Amino acid sequence: SPSNGINKEPALLFVSAASTRQVPWAAVALIAAAVIGAAALAALPLSRLVTRPLTDLSQAAGAIRSGDLGARASDDAPTEVAALARSFNEMAQELQASAVRRKQLTSDVAHELRSPLTNVRNHLDAIEDGLIPPTAEELATVGGEVDRLTGLVADLETLAAVDAHGLHLVPEPV
């Protein structure tokens with residue numbers, strides 16, 4: 001027995017690879033599944049908030065492509081999509097107004113061409129039927145209507161050049 005009170009026997013140390021604490025993998029998997037499920041449920045309405053205005057815009061574009069110039073997109077969306085929808089609606093409004101103007105122009109042109117053609121036809125029929133003689137005065141009347149038609153056709157060619165961007169203005173001081 002030692003005299004200084006220190007025990008000189010070797011201490012035993014045990015080292016083992018086996019851990020006595022186990023990770024509860026079933027609980028971890030259940031918590032992970034719950035978190036993923038909650039995130040998916042939250043993402044559905046958020047994704048719908050973004051995709052609904054884009055779907056609406058796409059449907060309006062399809063309707064216009066099919067000829068419904070009155071179709072419009074809803075502009076109650078997030079800022080950028082709402083700005084796009086407003087621009088789209090302005091473009092659709094211009095297309096609709098252009099179509100109305102085109103129809104009115106077609107109607108006006110038809111009326112303007114019909115009048116001189118009717119006059120020329122009536123004068124020629126009267127001359128052929130012998131109701132009026134083919135005098136210089138009568139031929140001048142018919143020639144005047146032909147000149148009127150020629151002027152209308154020239155105006156239509158000018159409009160076509162404007163539409164095709166083929167008309168170039170040369171500004172000059174006056």
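**The nonpolar core and the helices around it**

Tutor: Eight residues make up the largest nonpolar core, namely Leu57, Ala60, Ile64, Ala71, Ala73, Ala85, Phe88 and Ala92. A nonpolar core is a set of buried Ala, Val, Leu, Ile, Met, Phe, Trp, Tyr and Cys residues joined through side-chain atoms within 4.5 Å, and buried means under 20% relative accessible area, with a 1.4 Å probe and protein chains only. The model is predicted, so local features need pLDDT of at least 70 and side-chain atom pairs count only at pLDDT 80 or more, while totals for chains, interfaces and linings use all residues. Residues are numbered from 1 along each chain as its sequence is written, and side-chain values use heavy atoms, with hydrogens and water left out.

The elements that give two or more residues to this core are helix H1 (25–65) and H2, a helix being a DSSP run of H or I with at least four residues, numbered from the N terminus.

Let us now follow H2. Its 50 residues reach 73 Å from the first C-alpha to the last, close to the 74 Å expected at 1.5 Å a residue, where the expected span is 1.5 Å times one less than the number of residues. Among the buried residues of H2 are Val81, Ala82, Ala85, Phe88, Asn89 and Ala92, and also Pro116, Val120 and Ile127. These buried residues pack against H1 and H3. After H2 comes Gly130, whose phi is positive, near 80 degrees.

H3, for its part, has Glu138, Val142, Glu145, Leu149 and Leu152 as its buried residues, and what covers them includes H2. Because H3 has 28 residues, it should span 40 Å at 1.5 Å a residue, and its end C-alpha atoms are 40 Å apart, which agrees. Just after H3, His165 takes a positive phi of about 60 degrees.

How values were computed: Buried < 20%, exposed > 50% of the residue type's maximum accessible area, 1.4 Å probe, protein only. Contact = heavy atoms within 4.5 Å.
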